[in-house]
Amino acid sequence: MGENTFGTRFKITSFGESHGKVIGVILDGVPAGLKISLDDIQKELDMRKPGQSHLTTSRSEFDKATIQSGTFNGITTGAPICLIIKNTDIDSSNYEEIKNILRPSQIDYSALKRYGGFADYRGSGRFSGRITAGFVMAGAIAKQILKKYDIIIFAYTKSIGTITDDIKDVKVNEETVEKREKSLVRALTPEKSKMMEDLIEKVKNDKDSIGGTIKCIVKNLPEGIGSPIFNSLEASISKAIFSIPAVKGIEFGAGFKAGSMKGSEHNDPWIIKDGKIITTKNDSGGIIGGISIGMPIEFTVVVKPTATIGKIQKTVNYKTMKETKIEITGRHDPCIVPRAIVVIEAMTAIVLVDHLLIQAKIPSVL
Ligand SMILES: Cc1cc2nc3c(=O)[nH]c(=O)nc-3n(C[C@H](O)[C@H](O)[C@H](O)COP(=O)(O)O)c2cc1C
């Protein structure tokens, strides 16, 4: 499997399979002199881990991060940093039973056609949502760098099914983070959160799953960041976000709504406030021409309903070439959204550090 490295100056290489020995990430290009807090990395991982509530999968992987290289006395040396998590609580038995039967909207057919049947199918192998634990560890380090420049990334659940918690002008501060972490689905309004929880509970009881959207906001990114044409900020963020399994779409600012707006509605008027050029609204999502304008970066990500559901579904056995039915047992999230929030933040942080390094806004020694 090629193409497991992402980034230009701040590079991450993802490795490991869902049911293999370890899952991990190698970071190259991390400036020297950064004090790494393993606690901060662990805190982020705990937001992604399974088994956080009755609404997430009951798999109880204890995702404990360890640093294998690249730091000395807890400070980065400039050498590649390798982070791993040992895989525990592995149960591959369900995958043995159904290995010749294509799970609808899962990776079985694509992996078969791409890797000739040699890809590790246990727990979806390299395609598993589990690989994002590596993204989160790398993202935690990227966030520690961004913190030095007061650049903050915050994502929350905007919708689950048709229940929407779309909040205008979200204040990105510790209080808002606390509010989000009080919600089992990581929404911001308690009543909406309860409705979302009930919906997830209902689809879970129906052996089904549900999709949703995540809104991500970046505050304090300076203007002038992004390298068009092919490394525009929108292009880089989109590529990073689409590397997260189950993501099916992204829109910046007004996004797809722009297709039904007039220019006079969509255009963000420029004004001067406290000597600074800003816009009065942010339908551009903080990026114009692939370059940041100093307004918050705002985008929304669509996460599909979990493909692996318990309901009986029509499918095909590719060995016998016969149509058949599949009833999948095992432990899966009825909704991926609450666990994907921290992954969205992580990939965004990785992109931003990469761009800041490309433009020499971050020195190679901190
Ligand atoms: C944090 C996280 C957890 C996931 N858990 C599951 C899961 O339990 N069951 C499942 O079918 N898919 C899960 N997925 C999504 C699949 O990995 C993904 O749908 C699959 O690899 C196919 O890729 P695609 O949906 O991007 O096309 C998860 C994704 C993420 C980000």
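User: How many charged residues are in the shell around the ligand?
Analyst: Keep in mind that this is a predicted model. Split by class, the ligand's shell has seven nonpolar and six polar residues. The charged class in that shell comes to six.

User: Which residues come nearest to the ligand?
Analyst: There are 19 residues around the ligand to pick from. The ones that come nearest are Q106, F127, A246, K304 and T308.

User: How far is a backbone N or O atom of A246 from an oxygen atom of the ligand, and how much of the ligand does the protein bury?
Analyst: For A246, the backbone N or O atom sits 2.9 Å from a ligand oxygen. On its own, the ligand exposes 630 Å². Of that area, the protein buries 89%.

User: Is S124 buried or exposed?
Analyst: S124 is in the loop between α3 (108–115) and α4 (132–147). Its phi is positive, near 70 degrees, though S124 isn't a glycine. Buried means under 20% relative accessible area, and S124 has 5%, so S124 is buried.

User: What does D150 count as at 48% relative accessibility?
Analyst: D150 lies in the loop between α4 and β8 (152–160), with a positive phi of about 60 degrees despite not being a glycine. Because 48% falls in between, D150 counts as partly exposed.

Conventions. Residues numbered from 1 in each chain as written. Predicted model: local features only at pLDDT ≥ 70, side-chain atom pairs only at ≥ 80, totals over all residues. Heavy atoms only, no water. Near = heavy atom within 4 Å. Polar contact = N/O pair within 3.5 Å; in protein donor to acceptor, adjacent residues only side chain to side chain. Areas by Shrake-Rupley, 256 points an atom, 1.4 Å probe, with all protein chains shown as cover. Nonpolar A, V, L, I, M, F, W, Y, C, P; charged D, E, K, R; others polar. Helix = DSSP H or I, 4+ residues; strand = E, 2+ residues; numbered from the N terminus. Buried < 20%, exposed > 50% of the residue type's maximum accessible area, 1.4 Å probe, protein only.
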